[in-house]
Amino acid sequence: MKKVIKIVLIILVVLGVFGTFMYIYQKSQPKQENYEKIEVKRDTIIINTIATGAVVPKKEIAIKPQIAGIISKIYVEAGDTVKQGDVIAKVKIIPDMVSLNNAKSRIKRAQIDLEMAKNNHERNDKLFKKGIISEATNVQTERSYKSAKEELKAAKDNLDLIKEGVTKSSITQTNTLIRSTITGMVLDVPIKEGNSVIQSNSFNDGTTIATVADMRDMIFEGNIDETEVGKVKLGMPMKLTIGAMSEEKFDAKITHISPKGTNNGGAVQFKIKGTIALVPGQFIRAGYSANASIEVERKENILTIPESTIFFENDSSYVWITKKDAEEVTYDKTNVSLGLSDGINVEVTKGIKEGEEIRGNKK
């Protein structure tokens, strides 16, 4: 029995020694590393720059009154479509008491003068028919009578203007009816019925009654960094991405590049504008934030490789080319010359050929 146990122990020791030896041997062997194989092929590289901004109407008009007063009626609200000449609101004039009293006094004086002129004309007309006075005298009193009637009419019109802002004879031309100056959509009505408004003149801007814009003619207004502005030109195409309409892309074209930059938090930026080509049925709300992608450079049918396959030594760039004629996979370190890059792929101008394979990332 003791002999059997001794044999078993010897066998276990031998197996342990052998297993340890094999483990050490395997650990000492170099591991075969597997890498992704990437084929050198021809492709297109496009460089884009981004401008950030918003979509706004090209024509946006603030409608202001030509007379001061109180808003008595508003006929539109934001989102309504109006035509040029449509009435937007009505202003009720609050007359100045001094001017009002003077206008009433003028009417009373005109009525007195008219009554006197009428009596003189009627008396002289009878005398003229009897041949007592000359025709010239009769014509003179008739002229005075007609002038008195015109003065009374003018005095009444003056009172109407002070009280209502319009005369009975020119009611369609009144300043109290605020009309749209363009055809478009009402974007905003910042006042309410009962609000006071002041007229627009050379001394003040006046109160904005409504903002109207032509929503069929939209433009992109944005900013581009000073490092990129030199790459863009008038007429360059843009692709707009609108955050609120991420499913759609809009074509645009640069129409303006500001000659002067502005400092924005330490970064100098230049304003650019571009017209947007809307197709029938497309609608963009004013003020949507948007990004414009502008293609500044393109190279087609060039040799390209992923930038991640390149490594640098002593200011030179290299790749590992896969050797296919060896029994096991080996790689040759090869110097390459690089061209245009989009941050993912890079153009190779020298060092490798189309169809060759280079070492990529580890699998």
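Visitor: Which residue in β6 is the bridge partner of Ile-71?
Guide: The partner of Ile-71 in β6 is Val-91. A word on the model: this is a predicted one, where local features need pLDDT of at least 70, side-chain atom pairs count only at pLDDT 80 or more, and totals for chains, interfaces and linings use all residues. Residues are numbered from 1 along each chain as its sequence is written, and side-chain values use heavy atoms, with hydrogens and water left out.

Visitor: What makes β4 and β6 a pair?
Guide: Two strands pair if DSSP finds at least two bridges between them. Strand β4 (residues 69-74) and strand β6 (residues 87-92) are joined by 4 bridges and run antiparallel, so they qualify as a pair. Strands here are DSSP runs of E with at least two residues, helices are runs of H or I with at least four, and both are numbered from the N terminus.

Visitor: Why are β7 and β9 called edges?
Guide: The open sheet of 4 strands has the order β7-β6-β4-β9, with antiparallel pairing. β7 (177-179) and β9 (196-197) each have a single partner strand, so one side of each is left without a neighbour in the sheet.

Visitor: How do you know that β5 pairs with β8?
Guide: Strand β5 (residues 81-82) and strand β8 (residues 184-188) share 2 bridges in the antiparallel sense, which meets the requirement of at least two, so they count as paired. Val-82 stands opposite Gly-184 in β8. On to strand β10 (residues 210-213): 3 bridges join β8 to β10, again antiparallel, and Met-185 faces Ala-213 in β10. The open sheet of 4 strands reads β3-β10-β8-β5, with β3 (60-63) and β5 as its edge strands, each pairing on one side only.

Visitor: What makes Asn-138 count as buried?
Guide: Asn-138 has a relative accessibility of 7%, under the 20% limit, and therefore counts as buried. Asn-138 lies in helix α3 (residues 135-164). Beyond its neighbours within four places in sequence, Asn-138 is in contact with His-121, Asn-124, Asp-125, Phe-128 and Ile-133.

Terms used: Buried means under 20% relative accessible area, exposed over 50%, partly exposed in between (1.4 Å probe, protein chains only). Contact means heavy atoms within 4.5 Å.
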